[in-house]
Amino acid sequence: MKHTRGCSEGAKRCQRCDATGQGTYECHAGLMDFSMDIILNGEKLGKMIGGQVLPMAPNEEKFTSIAQELGIDPEAYIRAVKKVPVRSEKSIRAAAALLEDVVNSFVLQEYMNNTEYKKIKIWEEELANATGTVARIKENTRELESIASKQTIMALNASIETARVGAVGAGFGIIAKQMGVFSKQSAEIYKTITEDANKISDSINRMNQT
């Protein structure tokens with residue numbers, strides 16, 4: 001890494017290998033590298049590259065030639081090559097394949113954890129919204145029942161007033177006015193209940209979409 005990527009020509013060759021390398025392959029400098037795709041739900045998110053392992057004991061003549069091509073001190077290059085781990089090509093390919101499986105499994109698991117967490121959070125929020133809305137509907141329903149009871153009493157009083165002094169009596173006018181107030185209150189509460197019912201419907205739809 002220090003010698004090869006540290007020189008201009010070596011860096012260019014390494015970048016070309018990084019961009020075009022697929023699977024497990026031998027790089028321009030004679031080392032084994034790997035390139036694996038990180039895929040989620042069939043979509044490529046990126047790739048992971050690594051390696052820099054020798055598949056056999058280094059051929060000093062070969063690496064001396066590479067050093068000369070790149071303008072690197074051959075002796076220093078050979079000393080560096082001798083420090084590179086040596087593994088069989090079979091074990092290198094197996095390790096790269098295992099790493100690919102592990103990384104993609106980890107990415108998928110993290111995605112699923114994050115997705116499920118978001119779903120649970122949405123459900124909790126919408127359930128809280130729906131619970132609060134139901135409580136408001138219950139309260140408004142109780143108010144309607146109270147108004148309905150008052151309207152019944154007022155209607156009875158209106159009947160009494162009508163029988164006593166006639167439809168043009170002052171008492172009947174007061175009762176009629178109060179009945180109008182109750183009617184207006186009822187309309188407003190019915191409107192609130194309708195809006196709350198729609199909110200519950202929206203919350204359920206949002207939960208179904210997660």
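In this predicted model, the largest nonpolar core has 16 residues, and those touching the most other members are Cys 27, Leu 31, Leu 54, Phe 63, Leu 70, Ile 72 and Tyr 77. Two elements, α2 (60-70) and α3 (74-81), each give two or more residues to this core. The largest share belongs to α2, which supplies four residues. As a general background, nonpolar side chains in soluble globular proteins tend to be buried together.

Once its neighbours within four places in sequence are set aside, Leu 54 is in contact with Gly 30, Leu 31, Phe 63, Val 81, Val 84, Pro 85, Val 86, Arg 87 and Ile 92. Two of these contacts, Leu 31 and Phe 63, are also listed among the core residues that touch the most other members.

The discussion now turns to the sheet. Three strands form an open, antiparallel sheet in the order β1-β2-β3. The edges are taken by β1 (23-26) and β3, and because each has a single partner strand, one side of each is left without a neighbour in the sheet. On average, neighbouring strands of this sheet are turned by 20° against each other, direction ignored. In general terms, strands of a sheet pair through backbone hydrogen bonds, either parallel or antiparallel.

The two pairings can be followed in turn. Between β1 and β2 there are four bridges, in the antiparallel sense. Here Gly 23 stands opposite Ser 35 in β2. Strand β2 (residues 32-40) also pairs with strand β3 (residues 43-53), again in the antiparallel sense, over nine bridges. Within this second pairing, Ile 39 has Lys 44 of β3 as its bridge partner. The hairpin of β2 and β3 has two residues between the strands, and Asn 41 takes a positive phi near 55° there. For a regular strand, the general rule is that side chains alternate between the two faces of the sheet.

Helix α4 (residues 89-165) contains Ala 97. Is this residue buried, exposed or partly exposed? The relative accessibility of Ala 97 is 37%, so the residue counts as partly exposed, since that class lies between the limits of 20% and 50%.

Terms used: Residues are numbered from 1 along each chain as its sequence is written. This is a predicted model: local features need pLDDT of at least 70, side-chain atom pairs count only at pLDDT 80 or more; totals for chains, interfaces and linings use all residues. Side-chain values use heavy atoms; hydrogens and water are left out. Two strands pair if DSSP finds at least two bridges between them. Axes are lines fitted to C-alpha atoms, for helices over the stretch in contact, and angles run from 0 to 180 degrees between N-to-C directions. Buried means under 20% relative accessible area, exposed over 50%, partly exposed in between (1.4 Å probe, protein chains only). A nonpolar core is a set of buried Ala, Val, Leu, Ile, Met, Phe, Trp, Tyr and Cys residues joined through side-chain atoms within 4.5 Å. Contact means heavy atoms within 4.5 Å.
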